[in-house]
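I opened this entry to keep track of what I looked up, one item at a time. The notes follow the order in which I went through the model.

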Amino acid sequence: MAHQTGTIVLTGANGGLGSAMVSRIVTDENLSASHGIYTVRDTRSPGALQAALNKASSSSSSTSVHSHEEISLDLSRLDNVRKVAAVINAQVEAGTIPPIRAIILNAGFEEADQQTWNEDGLDMSFVVNYLGHWLLTVLLLQSMDRERGRIVWISSWSQDPKNSHNQRYGAYKEERYKNMVLDDLEPLAKGTWSSKADDKTNWAAAYRRYGASKMCCVAMIHELQKRLDQDPVLKNISVLAIDPGGMDTGIIRHSPWLVRVLFFKIFVGLFSGLMVRRKPNGTWRTPKKSARDVLAAALASGPPPLSERPKGVYLNGTVLGEYNLEAKDPKKGQIIWEGSVRFAQLREVETALQNWR
């Protein structure tokens, strides 16, 4: 196992960005030396993930076999998250796989004209995009590389009502939607902060719920990082987030036909390569370009703003990005954390983090 550089845990490996990351890992000699744990909702229909893995055998530049495993993970079911984390922790403890070098929290879920909840009554966007990932992370801390480990949250411009895209689209124009967290996490967790019942557009309420879930993710680059920094064992682990830009991926599969096909498949699909060449960190990007950026955030030590330990960094592609002021507010971070502990029903024996409450 000396040839391996650590384990990479990647959620949503069957999606457009996830499979692009796997393609890059398996065809890069240095990255392929890592052990990959690629989670998908159902391994019986791996689709794009399998196509990406097959690139290793067909690539003339690949000189080694990439050690990996595919695991079914349903982030909407917290009991399933616990089972998957237990399997990974047991493997690291037994020495059958190396410690986790990076956790890339990539899986995403966005609705359009409907609103759904999981079996615990939690809003599906909140639990899939944020809470399931948060629980997976705190459960896996015991298996992290304690000197170089990184946790990377995939972000989106939807998390900031003041972002120019959101100003243009108008989803947050009402005063009640300009702040996502007040004094309790429950309105976000239960989906009542932006309910379909209050929506007349058939898209804005779902978009806001997606954005709020992403804001909770971004808040962790401060709140989780603070708690790690206070931990004598886990203090060298870095938490960061990255906005990969707009891409033609499966996240928009529930969107209306005009958005899903005419705009993303045709316009973004055809012209994103040209737009990336003209403006690498612009609005529209290719999954290939964004995959490269995310993996750099997870593993590279430079160039700036990346470093050996890029703690609390928010990236827009390869540069520092702007993000929601709520995510920077320590009081709101505390509210999000305490709500996460409550809704995930986290217990002390489940996490290696000392300051977990």
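I started with two tryptophans, W134 and W337, and found that both are buried. The model is a predicted one, so I treat every value below as computed from it.

**Entry 1: the tryptophan pair.** I asked how the rings of W134 and W337 are arranged. They form an edge-to-face aromatic pair, with 5.1 Å from centre to centre and 80° between the planes. Planes over 60 degrees apart count as edge-to-face, which is why the pair gets that label. I then looked up where the two residues sit. W134 is in helix α4, W337 is in helix α11 (residues 330–344), and 203 residues separate them, so I noted a link between distant parts of the chain.

**Entry 2: other aromatic residues.** I searched the whole structure for aromatic pairs and got eight. I looked at Y172 and Y207 next. Their ring centres are 6.2 Å apart and their planes meet at 55°, so I recorded the pair as tilted. Y172 belongs to the loop between α5 (164–169) and α6 (186–190), while Y207 belongs to helix α7; the pair therefore ties together parts 35 residues apart in sequence. Are Y172 and Y207 buried or exposed? I found both of them buried. I also wrote down one aromatic cluster, formed by F126, Y130 and W153.

**Entry 3: helix α4 against helix α7.** I wanted to know how α4 (residues 124–140) lies relative to α7 (residues 204–229). Their axes come within 7 Å and cross at roughly 20°. I therefore noted the two helices, α4 and α7, as roughly parallel to each other. The crossing of α4 past α7 is right-handed. Which residues make the contact? From α4 I listed S125, F126, N129, Y130, W134 and T137. From α7 I listed R209, Y210, S213, C216, C217, M220 and L224. Sorted by type, the residues of this contact are eight nonpolar, four polar and one charged.

**Entry 4: L17.** I located L17 in helix α1 (residues 16–27). Its relative accessible area is 6%, so L17 is buried. I checked L17 against P287: the two are 270 residues apart in sequence, yet 5.1 Å apart in space, C-alpha to C-alpha.

**Entry 5: the backbone.** I looked for cis peptide bonds and noted the one from G302 to P303, with omega near 0°. I noted another between P304 and P305, where omega is about 15°. P303 lies in the loop between α9 (287–299) and β7 (313–316), and P305 is also found in the loop between α9 and β7.

I then turned to positive phi values. N202 is not a glycine, but its phi is positive, about 70°. N202 is in the loop between α6 and α7, and with a relative accessible area of 45% it is partly exposed. Q345 is not a glycine either, and its phi is about 55°. I placed Q345 in the segment after α11 and recorded it as exposed, at 60% relative accessible area.

**Entry 6: totals.** I counted 11 helices and eight strands in the protein. Of its 357 residues, 57% are buried. For contacts with a separation of 6 or more, I found that 75% involve residues 24 or more positions apart.

Terms used: Residues are numbered from 1 along each chain as its sequence is written. This is a predicted model: local features need pLDDT of at least 70, side-chain atom pairs count only at pLDDT 80 or more; totals for chains, interfaces and linings use all residues. Side-chain values use heavy atoms; hydrogens and water are left out. Axes are lines fitted to C-alpha atoms, for helices over the stretch in contact, and angles run from 0 to 180 degrees between N-to-C directions. Helices (H or I, at least four residues) and strands (E, at least two) are DSSP runs, numbered from the N terminus. Angles under 35 degrees count as roughly parallel, over 145 as roughly antiparallel, 65 to 115 as roughly perpendicular and the rest as oblique. A crossing is left-handed if the near helix is turned anticlockwise from the far one by less than a right angle, and right-handed if clockwise. Contact means heavy atoms within 4.5 Å. Ala, Val, Leu, Ile, Met, Phe, Trp, Tyr, Cys and Pro count as nonpolar, Asp, Glu, Lys and Arg as charged, and the others, Gly among them, as polar. Rings of Phe, Tyr and Trp (its six-membered ring) pair if their centres lie within 6.5 Å; planes under 30 degrees apart count as stacked, over 60 as edge-to-face and the rest as tilted. Buried means under 20% relative accessible area, exposed over 50%, partly exposed in between (1.4 Å probe, protein chains only).
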